[in-house]
Amino acid sequence: MRKLQSMAGWIAAALMISMTGAAVNAEDVTETVTEAAQGSSQVASADEMTTPEDIVEDWMVPIYGEELNDGTYDVEVLSSSSMFRIEKCELTVSEGKMAAVMTMGGTGYLKVFMGTGEEAVKASEDEYIPFAETTDGKHTFEVPVEALDMGINCAAFSKNKEKWYDRILVFASTSLPMEAFKEVKMTTVADLNLEDGAYLADASLSGGSGRTEIESPAEITVENGEITARIVFSSPNYDYMLVNGEKYEPVNTEGNSAFLIPVPGFDYNMPVVADTIAMSTPHEIDYTILLDSASVKKAE
């Protein structure tokens, strides 16, 4: 009889321990679910954001700090959201590391985090980057830059909505001067053993809205080892181009806008600016032009 009572006690104790453990596990699960729900509520959903723009181009290859000369440069920053507008930005390169000070077009964000919104809610306060205010009331954020020409996650905390908004930023290498690069990768006239004369080469245009194109193949002239390209836009509304700070006027008066511009080499995304008068006011647009060395042939 005593053995039966003892066995019953052991069974009851075991059941109690099992039930207690289940309760503890249930509390852990409930707490985890609650934390997850709270975290998600602090991140803006897709319905709460404007449709993101695809700002990472197919031709882009990441450029890291060790590929650049030390210095401070003005750099263009592309944002996947028109609500997170960067008016200007200064990039500082030092011993292979890059950092940028972004001056914002508004004051609606209190802090940013270099990562996603979901990562931001789990991060500690010292990982957030607060804004600094300039003398004229602008908000700036100083952020690390892993690489140029690469999509970088940046979550921004809205002052009004008190939520993190996911953004993608691209620091554009094409906006840097050539002297910023330790080595500019391109194919030269000498590499191709091109003699002076007229040639054709496949040409492509990147940047802007993506709707504008240039005529391809493009007519190019080689003289004394230097290339001049005739660039013809798919629109008659461009009134000048800027190449390395030099202004070039159209060489035609009818039809689509055409320009004769110097090109340093092939297989290189050369940054240019083209001014369009198609909008209500003239507007300068940043583009890159690439001439394909594999396509070069004598003009007939």
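Rings of Phe, Tyr and Trp pair if their centres lie within 6.5 Å. The legends below describe close-up views of a predicted model.

**View A. An aromatic cluster of four residues.** Phe-113, Tyr-128, Phe-157 and Trp-164 form one aromatic cluster. Within this group, the ring centres of Phe-113 and Tyr-128 lie 6.2 Å apart and the planes meet at 85°, so this pair is edge-to-face. The two residues come from distant parts of the chain, 15 residues apart. Phe-113 belongs to strand S5, whereas Tyr-128 sits in the loop between helix H2 (117-122) and strand S6 (129-130). Phe-113 counts as buried because its relative accessibility is 9%. Tyr-128, at 13% relative accessibility, also counts as buried; the cut-off is under 20%.

**View B. The Phe-84 and Tyr-109 ring pair.** The model has 8 aromatic pairs. In one of them, the centres of the Phe-84 and Tyr-109 rings are 5.3 Å apart, with planes at 70°, so the contact is edge-to-face. This pair also links distant parts of the chain, 25 residues apart. Phe-84 lies in the loop between strand S2 (76-79) and strand S3 (86-94). Tyr-109 lies in strand S5 (residues 109-113). Both residues are buried.

**View C. Lysines over aromatic rings.** Lys-111 lies over the face of Phe-157, 4.7 Å from the ring centre. Phe-157 is also a member of the aromatic cluster with Phe-113, Tyr-128 and Trp-164. Lys-247 takes up a position over the face of Tyr-240, at 4.5 Å from the ring centre.

View D. Strand S13 spans residues 218-223. Its covered face carries Ala-218, Ile-220 and Val-222. Glu-219, Thr-221 and Glu-223 make up the uncovered face. S13 pairs with strand S11 (residues 197-201) in the antiparallel sense, over 5 bridges. There, Ala-218 of S13 stands opposite Ala-201. S13 also runs antiparallel to strand S14 (residues 226-232), joined by 5 bridges. Across that pairing, Ile-220 faces Ala-229 in S14. The hairpin of S13 and S14 has 2 residues between the strands. In this hairpin, Asn-224 takes a positive phi near 55°.

**View E. The second largest pocket.** This pocket holds about 460 Å³ of space. Its lining has 18 residues. Closest to the centre are Ile-63, Asp-149, Ser-173, Lys-185 and Tyr-268. By class, the lining comprises 9 nonpolar, 3 polar and 6 charged residues.

Notes
Residues numbered from 1 in each chain as written. Predicted model: local features only at pLDDT ≥ 70, side-chain atom pairs only at ≥ 80, totals over all residues. Heavy atoms only, no water. 1 Å grid on protein atoms, 1.4 Å probe; cavity = no way out; pocket = protein on both sides within 12 Å on 5 of 7 lines; lining within 4 Å. Points joined across faces, edges and corners; volume = space filled by probe spheres on them. Nonpolar A, V, L, I, M, F, W, Y, C, P; charged D, E, K, R; others polar. Buried < 20%, exposed > 50% of the residue type's maximum accessible area, 1.4 Å probe, protein only. Helix = DSSP H or I, 4+ residues; strand = E, 2+ residues; numbered from the N terminus. Pairing = 2+ DSSP bridges. Phe/Tyr/Trp six-rings, centres within 6.5 Å; stacked < 30°, edge-to-face > 60°. Lys NZ or Arg CZ within 6 Å of the ring centre and 35° of its normal.
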